[in-house]
Amino acid sequence: TPVEAYRDIEPVLTKLAELLGKTKETVRVYDPFFCEGGVARRLRALGFVHTINRREDCYAVAAAGRTPPHDILLTNPPYSGDHLERALQLACGQLGPGGGAGNAGRKGKNKQGGGDVGRP
């Protein structure tokens, strides 16, 4: 994903952080799909210092209930094979009570310990 895409999404992430009562420096952004660590480098360079992007099987991590605590799930998943369907299931599994992008202003916790999901 090009750096321009992260610059484009920065205002949305900043607003989501604000709605969660956090700042760029305190909000936890999680991208479950690792690809050479560029996501974390780019988001940290924009001030999102608590970006989680690990080299691990995110599906196995979620199935084991070990999804890291986070406030925002942001990803550009692979579109090969069944990844798109599985990524959507993974994201939907992160939703707190009520589900949907409307959760962005709530302070609830989801079943894996993360906060609300932003899907800008």
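Y79, L84 and L88 form a nonpolar patch on the surface of this predicted model. Together they hold about 320 Å² of accessible area. Accessible areas come from the Shrake-Rupley method with a 1.4 Å probe, and for residues only the protein chains shown count as cover. Patches are made of residues with over 30% relative accessible area and no salt bridge; like charges are joined within 9 Å, nonpolar side chains (Val, Leu, Ile, Met, Phe, Trp, Tyr) within 5 Å. L88 sits in helix α4, residues 83–93.

This is a predicted model, where local features need pLDDT of at least 70, side-chain atom pairs count only at pLDDT 80 or more, and totals for chains, interfaces and linings use all residues. Residues are numbered from 1 along each chain as its sequence is written, and side-chain values use heavy atoms, with hydrogens and water left out.

Now the overall fold. The protein has four helices and three strands. From the N terminus, the order is α-β-α-β-α-β-α. Helices (H or I, at least four residues) and strands (E, at least two) are DSSP runs, numbered from the N terminus. The accessible surface of the protein is about 6500 Å², and carbon and sulfur atoms make up 55% of that surface. Of the 120 residues, 42% are buried. Buried means under 20% relative accessible area, exposed over 50%, and partly exposed in between (1.4 Å probe, protein chains only). Consider the contacts with a separation of 6 or more: 60% of them are between residues 24 or more positions apart. A contact here means heavy atoms within 4.5 Å.

Next, the charged pairs. The count comes to four salt bridges. A salt bridge is a side-chain nitrogen of Lys or Arg within 4 Å of a carboxyl oxygen of Asp or Glu. One of them joins K15 and E18, with the closest N and O atoms 3.0 Å apart. Both residues lie in helix α1 (residues 3–19); because they are three residues apart there, about one helical turn separates them. K15 is partly exposed, at 43% relative accessible area.

D71 takes part in another salt bridge, with K22, at 3.2 Å from N to O. This pair links distant parts of the chain, 49 residues apart: K22 is in the loop between α1 and β1 (28–30), and D71 is in the loop between α3 and β3. D71 also meets R28 in a salt bridge, 3.1 Å from N to O. R28 belongs to strand β1 and D71 to the loop between α3 and β3, so this pair ties together parts 43 residues apart in sequence. How accessible is each member? D71 counts as buried, at 5% relative accessibility. K22 is partly exposed at 26%. R28 is partly exposed at 21%.

The loop that holds D71 also holds H70, between α3 (58–63) and β3 (72–73). H70 is buried, with 0% relative accessibility. A polar atom of the H70 side chain lies 2.6 Å from the backbone oxygen of P68. A polar contact is a pair of N or O atoms within 3.5 Å; within protein, one must be able to donate a hydrogen and the other to accept it, and residues adjacent in sequence count only if both atoms are side-chain atoms.

Last, the cysteines. The structure holds zero disulfides, a disulfide being a pair of cysteine sulfur atoms within 2.5 Å. C35 is exposed, at 61% relative accessible area. C92 is partly exposed, at 45%.
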